[in-house]
Amino acid sequence: MDTPTEPDGGRGKEPDPRFTLANERTFLTWLSTSLALSAGGVAMAAVSPDVFVPWMRTLLAVVLVSLSALAAAMAYPRWRRVQHALRHAAPLPPPALAPLFGYGVAAVALLALVLILTGR
């Protein structure tokens, strides 16, 4: 039975519950990722000033917290788009932000590695 509280106003066919629950788990994983990125940014900001160059430490923290905010902000709209596709037996939308998160986290990790190896 469709209800008006569904993402597309109750239109479409109720999908297999396993797919809806998998979509929900993915949504929650985006939120968990957001929390991890935020914790990493806060930890980077809290690192002693004599460990890394201060401006680089701040830059890394800002990038991590920005990625965190983006992940959290995009989690629900992504859930809605996927749920709509499931209800209408349409192709699933690609995770448009996945490359940004992958490359963003990789860039932060590489910069942190360089700073660790150079002792700055």
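1. **What "buried" means.** A residue is called buried when its relative accessible area is under 20%, and exposed when that area is over 50%. Anything in between is partly exposed. Trp79 has a relative accessibility of 18%, so Trp79 counts as buried. Keep this in mind for the points below. Note also that this is a predicted model.

2. **The overall fold.** The protein chain has three helices and zero strands. Read along the sequence, the pattern is α-α-α. The radius of gyration is 19 Å, while the globule rule gives 14 Å for 120 residues; the chain is therefore more spread out than a compact globule. The C-alpha atoms fill a box of roughly 60 × 20 × 20 Å along the principal axes.

3. Of the 120 residues in the protein chain, 28% are buried. Residues 24 or more positions apart account for 69% of them.

4. **What the record says.** An unreviewed UniProt entry annotates residues 18-85 as "domain: DUF202". In the model, this span is 90% helix and 0% strand. Its end C-alpha atoms lie 15 Å apart. UniProt also lists residues 27-47, 59-76 and 96-117 under "transmembrane region", again from an unreviewed entry.

5. **Two of those regions in the model.** Residues 27-47 are 95% helix and 0% strand, with end C-alpha atoms 31 Å apart. Residues 96-117 are 91% helix and 0% strand. Here the end C-alpha atoms are 33 Å apart.

6. Ser68 sits in helix 2. Is Ser68 buried or exposed? Its relative accessibility is 6%, so Ser68 counts as buried. Leaving out residues up to four places away in sequence, Ser68 touches Ser34, Leu37 and Ser38.

7. **The aromatic rings.** The structure holds three aromatic pairs. One of them joins Tyr76 and Trp79, and this pair is stacked. The centres are 5.6 Å apart, with 20 degrees between the planes. Both residues lie in helix 2 (residues 54-87), three residues apart, about one turn of the helix. An α-helix has 3.6 residues a turn, so residues three or four places apart point the same way. Ring pairs link Phe27, Tyr76 and Trp79 into a cluster.

8. **How accessible is the stacked pair?** The two partners fall into separate classes. Tyr76 has a relative accessible area of 41%, so Tyr76 is partly exposed. Trp79, at 18%, counts as buried.

9. **Arg80.** Arg80 also lies in helix 2. With a relative accessible area of 32%, Arg80 is partly exposed. Arg80 and Ala61 are 19 residues apart along the chain. Their C-alpha atoms are separated by 30 Å.

10. **Helix 3, length and buried face.** Helix 3 (residues 98-118) has 21 residues. From first C-alpha to last it reaches 30 Å, close to the 30 Å expected at 1.5 Å a residue. Which residues of helix 3 are buried? They are Phe101, Gly104, Val108, Ala112 and Leu115. Seen down the axis of helix 3, the buried residues fall within an arc of 70 degrees, so they line one face of the helix. What covers them includes helix 1 (17-46) and helix 2.

11. **Helix 3, the other side and the end.** On the other side of helix 3, Tyr103, Leu110 and Leu117 are exposed. Just after the helix comes Gly119, which takes a positive phi of about 70 degrees.

Terms used
Residues numbered from 1 in each chain as written. Predicted model: local features only at pLDDT ≥ 70, side-chain atom pairs only at ≥ 80, totals over all residues. Heavy atoms only, no water. UniProt positions renumbered as here; feature names shortened; annotations may be inferred. Helix = DSSP H or I, 4+ residues; strand = E, 2+ residues; numbered from the N terminus. Phe/Tyr/Trp six-rings, centres within 6.5 Å; stacked < 30°, edge-to-face > 60°. Buried < 20%, exposed > 50% of the residue type's maximum accessible area, 1.4 Å probe, protein only. Expected span 1.5 Å × (residues − 1). Arc of directions from axis to C-beta. Contact = heavy atoms within 4.5 Å. Rg over C-alpha atoms; globule rule 2.2 N^0.38 Å.
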